[in-house]
Amino acid sequence: MAEFLQATIAGIGMSAVYALGALGFALIFKCSHVFNLSHGMMMMAGGFFALTFNVALGWPLWLSLIVALILGAIMGWGLQYIFIRPLLGQPLITTLMVTIAMLLIVKGLVLAGWSYRSYIPTGPIIPIETLRIGETTFSADYLSAIIIALVAFTGIMVFFRFTKQGITLRATAEDEQLAESMGVRVRAVTGLAWMLAGMAAVLGGLALGSINSINYMSGEIALKVLPVVVIGGLESIPGCIVGGLLLGLSEMYTGTYLEEFLVGFKDVMPYIIMTFMLLIKPYGIFGEVRIERV
Amino acid sequence: MALPAGTHNVNYQKDMAIVRTRFQWVALLLGIALVACFPLFIGAGWICVINQIFCVIIAVIGLQILTGYSGQISLGQAAFMAVGAYTYAILSAQFQLPFLIALLSAGIMAGLVGVLFGLPTIRVKGFYLVMTTLAAHFIISYVTMHWTNVTQGSMGYEVAHPSIFGFSFDTETTKFWLILVILIACTFLAKNLVRMRLGRAFIAVRDNDLAASIMGLNIGVVKLQAFFVCCFFAGIGGALFSVWNNSVEPQYFSLMTAIWYLGFIIVGGLGTITGAFFGTGALMLLREVISRFLPYVDPALVGYVVPFNDVLFGVIIALILIFEPRGMAHAWNMAKAYIRIWPLAY
């Protein structure tokens with residue numbers, strides 16, 4: 001039982017990372033219809049931004065997080081400005097291809113800047129103690145990842161519901177041309193979505209760093225946000241949470257109970273679940289079913 | 001491309017021919033002869049590089065048929081190559097099958113695995129397909145890594161030198177000719193495949209799948225056929241890769257490799273077999289030159305070879321997508337047209 005609880009907590013902690021990554025991805029897909037394959041690499045870069053100030057320069061974590069969030073927003077906006085904007089109006093497949101270029105460039109730059117260094121934050125992200133209830137320990141890293149994810153999701157929900165920018169973002173996602181005719185500056189809105197996605201990538205990277213560590217391999221771990229969004233539904237923000245929970249928990253349970261028989265199977269588990277999901281319900285749990293007209 | 005002035009196709013055979021004029025025949029044969037003579041004036045080190053490029057070209061032709069002709073993006077090409085490579089290695093080592101039979105079975109095995117992972121394509125398209133092939137990559141690489149009874153895991157699998165009718169291909173040069181012959185055969189096959197009924201069905205599905213289904217094509221079947229063809233080529237390429245390398249290891253077929261392959265066809269030009277040659281040849285040669293040249297400039301730069309290649313390659317893909325989405329194949333056609341009418345451009 002204790003083992004089960006431990007795996008559940010670790011699973012929820014991991015799902016916070018996945019959900020944060022998926023949030024950035026879903027924001028981009030919702031507002032600019034770009035299937036951003038490079039989002040895993042953006043998470044890795046974001047994690048490096050935050051942890052360089054923290055570990056290498058010795059800044060307090062809150063300060064380095066703020067600076068990293070600004071850098072992440074600049075990264076998101078810059079990638080959008082350089083790569084996506086020239087391809088406005090091109091077929092969706094072209095923008096997907098350009099995200100492959102983005103993936104390679106971000107990966108190359110991170111590898112050139114940090115090479116094979118590996119960073120772990122100096123302390124828990126949110127100053128809390130490790131909780132112990134009976135035999136179960138709630139590690140501070142997992143707890144703070146969960147809290148960050150909750151804050152980020154609440155923030156984004158409030159932003160979408162109550163601010164003017166949030167409402168224009170939703171309008172653009174609904175119908176780009178209609179929004180434009182109502183006076184929404186679609187390009188600026190797209191830029192904003194990418195900035196938010198960059199900030200979400202920083203949060204996700206930092207949470208990933210506190211749970212595992214951030215190094216050159218993190219990009220491939222962060223690639224698991226793609227199954228998360230597919231399971232949740234590409235455009236859905238609640239879907240990120242549900243998909244994240246589903247994958248985080250299943251990954252930790254397979255890690256706990258199947259590791260003796262199938263070494264490393266937990267890393268493939270998300271992809272197997274996703275394949276079945278695609279066969280059964282291709283548009284995800286909360287995804288919109290597209291009806292095509294001829 | 002319109003025909004040059006003064007060239008007329010007077011009968012059906014001539015209209016359908018791949019090699020249309022006498023000049024093209026001469027150029028083609030001379031070109032093949034020139035390439036076949038490479039070992040005479042190029043060092044063994046570069047022959048080794050060219051062998052690798054040829055193997056990759058075969059796999060990239062497959063990807064070109066799947067992505068360029070039938071419009072299904074795949075990130076699983078490296079993993080399907082691994083399936084072919086392992087099938088070949090196991091068949092030739094454990095069961096002592098002759099080279100050609102093992103090679104063909106490698107292709108067919110990879111094709112069947114590809115069809116298995118292509119099954120979700122019946123229901124989904126576009127972005128979702130990228131995800132199923134990504135899943136295919138991770139599942140296949142897990143199997144190659146951890147099914148140690150069969151694949152020997154991360155230790156890798158030894159592959160003996162192939163031999164046909166007693167002639168053993170044991171040096172780089174003989175392997176070069178072997179791979180060249182198979183590459184030519186594969187190109188011939190691909191060139192013809194994409195213009196017969198099957199290939200035209202691929203193009204119809206790519207251009208408008210709803211229209212294609214209204215015209216009576218079974219889209220699901222056509223997509224699965226595209227998957228089979230693509231993975232068949234990947235399997236052949238992977239098997240030759242293992243022959244060239246004398247071994248198979250899971251880490252040869254990483255996700256980055258698959259991403260690079262997708263980049264090759266973007267740079268070469270989507271929807272042309274020639275594009276696979278241009279993209280793969282140019283970029284792999286460039287990568288090789290950089291990884292030899294950078295340490296020569298300053299030995300301290302060795303660690304920067306991989307990131308530099310990645311960034312450069314990403315920039316090239318982005319530039320091509322933004323400024324010349326039709327790729328190098330189109331640029332080559334334009335250059336040919338320019339030379340043909342020079343100096344009296346009309």
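Predicted model: local features only at pLDDT ≥ 70, side-chain atom pairs only at ≥ 80, totals over all residues.
Biologist: Thanks! Leaving aside its neighbours within four places in sequence, which residues is A:Thr99 in contact with?
Modeller: A:Thr99 sits in helix α4 (residues 92-114) of chain A. Its side chain reaches the backbone oxygen of A:Phe35 at 3.4 Å. Setting aside neighbours within four places in sequence, the residues in contact with A:Thr99 are A:Val34, A:Phe35, A:Asn36, A:Leu37 and A:Ser38.

Biologist: Is A:Thr99 buried or exposed?
Modeller: The cut-off for buried is under 20% relative accessible area. A:Thr99 has a relative accessible area of 0%, so A:Thr99 is buried.

Biologist: Let's turn to the interface. How much area do chain B and chain A bury between them?
Modeller: The contact takes 41 residues from chain B and 47 residues from chain A. Of the area buried, 83% is on carbon and sulfur atoms. The total that chain B and chain A bury between them is about 3,900 Å².

Biologist: Which side chains meet in a salt bridge at 2.6 Å, N to O?
Modeller: The count between chain B and chain A is one salt bridge. Side chains of opposite charge can pair when their charged atoms come close. Here the two that meet, at 2.6 Å from N to O, are A:Lys107 and B:Asp310.

Biologist: How many residues of the side of chain B that touches chain A are nonpolar?
Modeller: On that side of chain B, α7 (127-146), α11 (209-214), α13 (255-268) and α15 (305-323) each supply at least two residues. Five of the residues there are polar and three are charged, and the nonpolar ones number 33.

Biologist: How many residues apart in sequence are the parts that A:Asp267 and A:Lys224 tie together?
Modeller: These two form a salt bridge, with the closest N and O atoms 3.1 Å apart. A:Asp267 is partly exposed at 38% relative accessibility, whereas A:Lys224 is buried at 5%. A:Asp267 lies in the loop between α11 (237-257) and α12 (269-280) of chain A and A:Lys224 in the loop between α9 (218-222) and α10 (225-232), so the parts they tie together are 43 residues apart.

Biologist: And in chain B, by about how much of a helix are B:Glu288 and B:Arg292 separated, and why?
Modeller: Their side chains meet in a salt bridge at 3.2 Å, N to O. Because both belong to helix α14 (residues 273-297) of chain B and are four residues apart, the separation is about one helical turn.

Note on methods:
Residues numbered from 1 in each chain as written. Chains lettered and ligands numbered in written order. Heavy atoms only, no water. Contact = heavy atoms within 4.5 Å. Buried area = accessible area lost by both parts, 1.4 Å probe. Salt bridge = Lys/Arg side-chain N within 4 Å of Asp/Glu carboxyl O. Nonpolar A, V, L, I, M, F, W, Y, C, P; charged D, E, K, R; others polar. Buried < 20%, exposed > 50% of the residue type's maximum accessible area, 1.4 Å probe, protein only. Polar contact = N/O pair within 3.5 Å; in protein donor to acceptor, adjacent residues only side chain to side chain.
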